[in-house]
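Biologist: I have a model open and would like to learn how to read it. Could you take me through some features one at a time?

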Amino acid sequence: MNEMRDHIEFEYGGENIALPLTTGTEDETAIEIGTLRNTTGLVTLDIGYKNTASTTSAITFIDGDKGILRYRGYSIETLAEKARFLEVAYLLIFGELPTADQLLKFEQLYRQYTLLDEGLKKLLDAFPSAAHPMDMLSALTAAWAAFDPQPLDVADAEQLCRSAAKILAGFPILTSWIYRKKCGLPLNYADAELHYAANVMQLMFRVPTARYERDPVLTAALDKLLILHADHEQNCSTTAVRVVGSSRAGLLASISAGVSALLGPLHGGANQFVVEMLQAIKADGGDIEKYLDKAKDKADPFRLMGFGHRVYKNFDPRAKIIKGYADDVLEKLGVDDPILDIAKKLESAALADDYFVSRKIFPNVDFYSGIIYRALGIPVEMFTVMFALGRLPGWIAQWLEMRKDEQPVSRPRQVYTGHTQRDFVPLDQR
Ligand code: ACO
């Protein structure tokens, strides 16, 4: 195969085949294979998309080797330190940081949508008490679309702004209803005057019989967590959102698919499993080595939850920031969480172990986020729901980009490995 500046050439079936190269703004180069099948009859095979860019995108940049994550060019470290969640949501969805005036207008719009259709409560009532909050969230998000069936015109900036504000305002209410329903608490309504994270906290924890005291430390920590989760380019749930949306399915239907993709333990569901794993290690006498051995044993399905990442092969910048917050939040709250000690010991033991080092397996975003959620009083079952709440702007932004770029319907090819044609055998002869 010869590599030229703007294309590569190779010989196949006696023909010289040229495929164009495309280079992104951060110098990532891809081979465009769109014409490959027509010219050669070949398809590419990349199970799990380990080596395939499914789209071009101008939203989020990750350099997994250097541990870089940027939204629209701004580093995650700066955004987590200096911006608020709604500002970051605006940045992701509309491409630029809002001016003070733009943010004010967006917040005013968001405040108009701090009520949800009461009909959704009937659906909430229908779930069994054992339902997992993520299953409920996925179903309720899809149902929400039915309460608001107007198709969204992506060329209409005003409509886009309204839809984004409406979804960002409604999702915290939906998530709090799920939590409160499961706890048997009366359902709460939004406080439109509060900032995003403060509203989320009051939606979840305010009860009618007591004065609700807002804790600025907790609210700030939640705001940071939401920012750190806000987008992560073409991960499993975002890809699900884009794939579903590519059939021109609506935004909420696509987001519902994203929620379903997020709930799996190899993706967002890991944050719940991390804390459960740390609790199990503690209950088992805190024997870190035993669990490292289990994770290394190929015959044992156990994996160190919160470790490893498809893209980050050095460190996950979000994990680094969250680890700092975890220390901070617990110290400010005066909480002495034994789970944090286990987490730290596990991290240093894994980082000194050749199995993990040689495979470039480091703590990911989920490793420390659960410790903060615990300190905020959020039950383990709700952790992935909190992740979904944070990821919402990313899903909206990626769906919009896909639609504005007029991407064709996602329909991959396959390499068939089943039977070739067979003769049908009647039932009485089988
Ligand atoms: N514990 C033990 N071994 C691991 C782990 C782990 N957490 N992660 C990867 N490995 C090993 C694999 O067994 C494999 O070993 P081998 O080469 O000897 O066969 C090697 O490292 C590569 O692993 P893959 O699964 O091929 O890597 P992939 O990129 O497909 O998976 C994933 C990434 C799914 C995140 C994986 O690391 C994992 O399962 N982690 C635990 C679950 C988790 O924390 N998920 C959250 C991810 S972050 C997010 O989605 C927000």
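This is a predicted model: local features need pLDDT of at least 70, side-chain atom pairs count only at pLDDT 80 or more; totals for chains, interfaces and linings use all residues.

Modeller: Residues are numbered from 1 along each chain as its sequence is written, and side-chain values use heavy atoms, with hydrogens and water left out.

Biologist: How many bridges join β2 to β3, and in which sense do the strands run?

Modeller: The general idea comes before the case. Strands of a sheet pair through backbone hydrogen bonds, either parallel or antiparallel. Helices (H or I, at least four residues) and strands (E, at least two) are DSSP runs, numbered from the N terminus. Two strands count as paired if DSSP finds at least two bridges between them. Here β2 (residues 7-12) and β3 run antiparallel and are joined by 6 bridges.

Biologist: What does the side chain of His 7 make a polar contact with?

Modeller: A polar contact is a pair of N or O atoms within 3.5 Å; within protein, one must be able to donate a hydrogen and the other to accept it, and residues adjacent in sequence count only if both atoms are side-chain atoms. His 7 lies in strand β2. The His 7 side chain makes such a contact with the side chain of Asp 6, at 2.8 Å. A polar contact of 3.0 Å also joins the side chains of His 7 and Glu 9.

Biologist: How many residues lie between β3 and β4 in their hairpin?

Modeller: There are 5 residues between β3 and β4. The two strands run antiparallel, with 3 bridges, and Thr 22 stands opposite Ala 30 in β4.

Biologist: What is phi of Asp 27?

Modeller: Most residues other than glycine have a negative phi, and most peptide bonds are trans. In Asp 27, phi is near 70°, a positive value in a residue other than glycine. Asp 27 sits in the loop between β3 (15-23) and β4 (29-31). With 63% relative accessibility, Asp 27 counts as exposed; the class limits are under 20% relative accessible area for buried, over 50% for exposed, and partly exposed in between (1.4 Å probe, protein chains only).
Glu 406 also has a positive phi, near 50°. Glu 406 is in the segment after α18 (383-404) and is exposed, at 64% relative accessible area.

Biologist: In what order do the strands of the open sheet come?

Modeller: The order is β5-β6-β7, with antiparallel pairing. β5 (60-63) and β7 (74-75) are the edge strands, each pairing on one side only. Strand β6 (residues 68-71) pairs with β7 over 2 bridges, and Arg 70 stands opposite Ser 75 in β7.

Biologist: Is Ala 397 buried or exposed?

Modeller: Ala 397 has 1% relative accessibility and counts as buried. Its place is in helix α18. Contact means heavy atoms within 4.5 Å. Leaving aside neighbours within four places in sequence, Ala 397 is in contact with Ile 59, Leu 92 and Ile 93.
Ala 270, in helix α12 (residues 270-283), is likewise buried, at 5% relative accessibility. With neighbours within four places left aside, Ala 270 is in contact with Gly 264, Pro 265, Met 305 and Asp 366. The C-alpha atoms of Ala 270 and Phe 307 are separated by 9.3 Å, and these residues are 37 residues apart along the chain.

Biologist: Which residues are closest to the centre of the second largest pocket?

Modeller: On a 1 Å grid over the protein atoms alone, a pocket is an open set of points where a 1.4 Å probe fits, with protein on both sides within 12 Å along at least five of seven lines; lining residues have an atom within 4 Å of a point. Grid points are joined across faces, edges and corners, and a volume is the space filled by probe spheres set on the points. The second largest pocket holds about 460 Å³ of space. Of its 21 lining residues, the closest to the centre are Asp 148, Gln 150, Pro 151, Leu 152 and Ser 163. α6 (133-147), α7 (157-183), α11 (251-262) and α18 each give two or more residues to the lining, and α7 gives the most, with 5 residues.
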